[in-house]
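This briefing covers a predicted model. Please have the sequence and the coordinates open while reading the points below.

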Amino acid sequence: MGQITNSFLEAFKLIFSFDPELIEILYLSFEITIIAVLISSFIGIPLGTVLACTRFYFRKAIISIFFALMGLPPVVVGLFVYLIFSRSGTLGWMGLLYSPTVMIIAQIILITPIICCLTFQTIESVHLKYREFFQSFHIGRLKAVKAYIIDSRFELITVILAGFGRSISEVGAIIIVGGNIDHLTRVMTTAIALETSKGNLSLAMGLGIILLLVAVFVNVAMIFIKNKFLNPSNQDL
Amino acid sequence: MVKLLTNLLTLIVIAIVYLPPTFAKSIIVQSSTSLKNSGFYQHVIPVIKNEIGIDLHVVAVGTGQAIKNALNCDGDLLITHAKEAELAFLKTGFGLKRLELMYSHWLIIGPEDTANSLTVKNDISDAFYLIFSKKHKFVSRGDNSGTHMREIKLWKKAGLNPKTFSTKWYLEVGSGQGATLNTSIQLEAFTLTDSATWFSFQNKGNAQIAYKDEKNFNVYSLTTINSKKCPNIKLNESEEVVDFLTSKRGKALISSFSINGELVFFPL
């Protein structure tokens, strides 16, 4: 019990000290996560939509593969990206290993399947509901897809938040490709891992509490945006 | 749709061009974890930056992993603590020059009530034999790190083969030093560690030093990497760092590092 109380104290001490190192780490965590989530959404949402609305050969196989990829162990992704971007790897000439860029790439590989699959599920249910309706009115496919996306924008925000949650809490992949270098690639989760390995458990928990608080803030902000600007009752379509 | 695609392209370009503000000159150091966890680098990096203008980007993994990463050309300098593995690395042609930098002490950590039972022994391998014969719980790193290699060597010196040990008392956790200590303390087991890690470790619980090896030291060495094997290596910068650390000024810097008032590293 004492340890847990201590970690809350530690968290509050850290928050109110405005420690520049903590701010740097937090900033990098969010920068990497937000860029990764944005890029993954730009890939995953269209891909999921296409998979939901079209019929083609191997479609089911592709869908199954993407669903399986949702459970990718981060360490495996980390190793894969490490082997590619290692100086002896295929893309080693880019010199990107141990940089925030390569951490973003690893995150994209991890969260794109999640965003893609959840989008697929959302859009498919709308598609099945309205397909015949749109067909009977001879409404073009592109127009129909646009309507699906507008109709399910609520769920899509949740999809993006799911990707955000996975990305911000991820440690296994980014510690391998980023190397947890001080002032360069250290983020909240890798800092927590480091403090744990130093036996500094209350500081590690304190950092965890701060990470949680900020993540809660982001989620609340998104829900606010959702309700304020995207709620069907506030807005005519 | 076109707008979406252009946005996407811009983002990808930003992500790829996106580089953090870095120091003009920097090298990647593949290092043993104990040096990072003890705060040693926080002590020396600012001084090195100040004196020779080179920033060290430290990737702390076990010695075995550090050497593997160096074999992939993913480091400019190695700071490790397993002599045999370092010599083998030199033999592959990837290593250029190996210099012994400093030493700390090997410690056996054990639970409070049994800690004193090992101190009477003459050699650390005798203490290992005693742990074996009493089948006292022992937590092994099991991760091919410098400490793990040392532990295997000590079992062998005691005439034992850890591969034949029962998992009832010999537990391989396959984790870093910190995680291993956390586990070992919770299980009230013995484990091998180094003085720098132990003095800086915060979660000691009731555990104590059960044995301190005064005969054989934990030697850290610097190994530079051959630019013929790895053309992208920053050899000049890493040699500058090696020259500085092994200079009089560097040695003074190393020996001035203390944890809670205890000196831990002694330059060679």
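A:Phe58 counts as exposed because it has 8 C-beta neighbours inside 10 Å, where 12 or fewer is the limit for that class. A:Phe58 sits in the loop that links α2 (20–53) and α3 (59–69) of chain A. Its phi is near 70°, a positive value in a residue other than glycine.

**A second residue with positive phi**

- B:Cys73 also has a positive phi, near 65°, and is likewise a residue other than glycine.
- The loop that holds B:Cys73 runs between α4 and β3 (77–80) of chain B.

**Chain B overall**

- Chain B contains 11 helices and 13 strands.
- Of its 268 residues, 42% count as buried.
- Among the contacts in chain B with a separation of 6 or more, 77% are between residues 24 or more positions apart.

**Domains of chain B**

- The domain assignment divides chain B into domain 1 (25–104 + 218–267) and domain 2 (106–212).
- The C-alpha centres of domain 1 and domain 2 of chain B are 26 Å apart.
- The contact between them involves 22 residues from domain 1 of chain B and 16 residues from domain 2 of chain B.
- On the side of domain 1 of chain B that touches domain 2 of chain B, the elements giving two or more residues are α2 (33–37) and α4 (63–71) of chain B.
- Of that side, α2(B) supplies the largest share, four residues.
- By residue type, the side of domain 1 of chain B that touches domain 2 of chain B has seven nonpolar, 14 polar and one charged residue.

**Strand β8 of chain B**

- Strand β8 (residues 190–194) of chain B is largely enclosed by the rest of the structure, because five of its five residues are buried.
- One side of β8(B) carries B:Phe190, B:Leu192 and B:Asp194, and the other carries B:Thr191 and B:Thr193; both faces are covered.
- Strand β5 (residues 106–110) of chain B runs antiparallel to β8(B), and four bridges join the two.
- In β8(B), B:Asp194 is the residue opposite B:Trp106.
- Strand β6 (residues 138–140) of chain B pairs with β8(B) in the parallel sense, over two bridges.
- B:Phe138 has B:Phe190 of β8(B) as its bridge partner.

**The largest nonpolar core**

- In soluble globular proteins, nonpolar side chains tend to be buried together.
- The largest nonpolar core here has 123 residues, and those touching the most other members are A:Val81, A:Val102, A:Ala106, A:Val177 and B:Ile108.
- Helix α5 (residues 100–136) of chain A gives the largest share of this core, 17 residues.
- Domain 1 (25–104 + 218–267) and domain 2 (106–212) of chain B each contribute at least three residues to this core.
- Which residues is A:Val81 in contact with, leaving aside its neighbours within four places in sequence? They are A:Val102, A:Ile105, A:Ala106, A:Ile109, A:Ala173 and A:Val177.

Conventions: Residues are numbered from 1 along each chain as its sequence is written. Chains are lettered from A and ligands numbered from 1 in the order in which they are written. This is a predicted model: local features need pLDDT of at least 70, side-chain atom pairs count only at pLDDT 80 or more; totals for chains, interfaces and linings use all residues. Domain bounds come from an automatic or database domain assignment. Two residues are in contact if their C-beta atoms, placed from the backbone, lie within 7 Å. Ala, Val, Leu, Ile, Met, Phe, Trp, Tyr, Cys and Pro count as nonpolar, Asp, Glu, Lys and Arg as charged, and the others, Gly among them, as polar. A residue is buried if 20 or more other C-beta atoms lie within 10 Å of its own, exposed if 12 or fewer, and partly exposed in between; C-beta atoms are placed from the backbone. Two strands pair if DSSP finds at least two bridges between them. A nonpolar core is a set of buried Ala, Val, Leu, Ile, Met, Phe, Trp, Tyr and Cys residues joined through C-beta atoms within 7 Å.
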